[in-house]
Amino acid sequence: MGMCVGKPANVAHVSSSQFMDYAKSHHERKHRSKTMTFKKVSKASRDENCPVPINLKAFTFNDLKTATKNFRPDSIVGEGGFGRVFKGWIDETTLDPAKPGTGQVIAVKVLKSESHQGHREWLTEVDYLGKLRHKNLVKLIGYCEECENRLLVYEFMPKGCLENHLFRKGVEPISWAIRMRIAIDVAEGLSFLHSNEPDHIIYRDLKAANILLDSEFTARLSDFGLARNGPVGDNTHVSTRVVGTSGYAAPEYVATGTNTRLVMRHLTVKNDVYSYGVVLLELLSGRRAIDDERAGGIEETLVEWVKPFLIDNRGVFRIMDTRLGGRYPKKGAQAVAALALKCLHNDPKNRPTMAEVVVALEEITNMSKNVVETPSPLIASPRSCTRSKQKNRNLVHRRGLANVQNPPLR
Ligand SMILES: Nc1ncnc2c1ncn2[C@@H]1O[C@H](COP(=O)(O)OP(=O)(O)O)[C@@H](O)[C@H]1O
Ligand SMILES: [Mg+2]
């Protein structure tokens, strides 16, 4: 195996032509320093969550092979569009590979194959997670870039991703209190990114699969491959190719074109607020952002399914996750549903900021603290859902959303 090579700071925000230049000069920089230090630290990363300059460890491929027991299939903990994620162990102090079950547990993400898109996302993730530290962002420990191999090494999140807790069969359902804590954590993580100066960071791929949970169920945003800097100065938006995951993407950002690869669109932090609204609905309902089973083979978004129920205040009880067994504060659930609708407002200007969402959720949880949670008599009945399903199926069809695919549009 060859040497791992260093990467200059802040090279991730590049166009594809810049990326080619980078790849060329990058080749020439082979054999340089094995540890990256990001000199340019943004304001956000200098806040109290980030008291020290950040170094990333450059691992060799062999280090990570040893740490993951030769990338054994039984150490796979997840898989996304980028590739597989393996569990491994390293020494806490030296960061050298350690015996399984000893030292610090890590998660190692392996890029599937050498592609410009994948490499660019890898660089973006190294760049953002290398310089940002916050209690609600997953911690990147290091990386490996050796020959064709591109890997990322994170702190391991023992409870995995939120998606598994909400939707996987056989997994114990999470309580209302934990759901609300996760909602606040995610809102704080996004608010931190959005308040970065001078260019707000737009996360662009908020979804349950990218929200990881530590042993205490503290939520952390992961997967920064699609993150981007927002507009600076007088500009109101940046224009980008549409990426992200349908079902979570804001309507002004996604345009239904002739196929699922879409046009250039305006990107602002308010696109993340919309996706956050979808995650809130998932936490309330225990239903996926997009699902083709709900509507008998036709893909249907959760937002379209939920909206008719939320026309009146009591309708929220019909969409609540039945696995909660009615154990949630009724006023609290209504208030969270109302907040979700605000985040999902069609006009981005009318959506709240993530900082406002944090305040609102804290108020709702404080207000609900002393309320005894009694099972609600109004758990969604399959018949009422079916009626709405039929109505929404037509809606979805008319709007052409049946074209939209669930996997990330990268
Ligand atoms: N640090 C981690 N600890 C535990 N599991 C992880 C970690 N990082 C990723 N995973 C698992 O791997 C899955 C895919 O990771 P992700 O970073 O989203 O990859 P991709 O870029 O391919 O979407 C996650 O949904 C999660 O289940
Ligand atoms: Mg992912």
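Predicted model: local features only at pLDDT ≥ 70, side-chain atom pairs only at ≥ 80, totals over all residues.

Entry on helix 6. I then asked myself how many residues of helix 6 are buried. I found that 17 of the 17 are, so helix 6 is largely enclosed by the rest of the structure.

Entry on helix 5 and helix 6. Helix 5 covers residues 176-194, and its axis comes within 11 Å of the axis of helix 6, with a crossing angle of roughly 175 degrees. Since angles over 145 degrees count as roughly antiparallel, I wrote down that the two helices are therefore roughly antiparallel to each other. Among the residues making the contact are Ile-182 and Val-186 of helix 5, together with Tyr-276 and Leu-280 of helix 6. By class, I recorded ten nonpolar, one polar and two charged residues in this contact.

Entry on strand 7. Which strands pair with strand 7? Strand 5 (residues 104-111) runs antiparallel to strand 7 and is joined to it by five bridges, with Lys-109 opposite Leu-152. Strand 6 (residues 140-146) also pairs with strand 7 in the antiparallel sense, over six bridges, and here Gly-142 stands opposite Val-153. Strand 6 and strand 7 form a hairpin with two residues between them, and Cys-147 in the turn has a positive phi of about 50 degrees. Finally, I noted that five of the seven residues of strand 7 (residues 149-155) are buried, so strand 7 is largely enclosed by the rest of the structure.

Key:
Residues numbered from 1 in each chain as written. Chains lettered and ligands numbered in written order. Buried ≥ 20, exposed ≤ 12 C-beta atoms within 10 Å, placed from the backbone. Helix = DSSP H or I, 4+ residues; strand = E, 2+ residues; numbered from the N terminus. Axes fitted to C-alpha atoms, helices over the stretch in contact; angles between N-to-C directions. Parallel < 35°, antiparallel > 145°, perpendicular 65-115°, else oblique. Contact = placed C-beta atoms within 7 Å. Nonpolar A, V, L, I, M, F, W, Y, C, P; charged D, E, K, R; others polar. Pairing = 2+ DSSP bridges.
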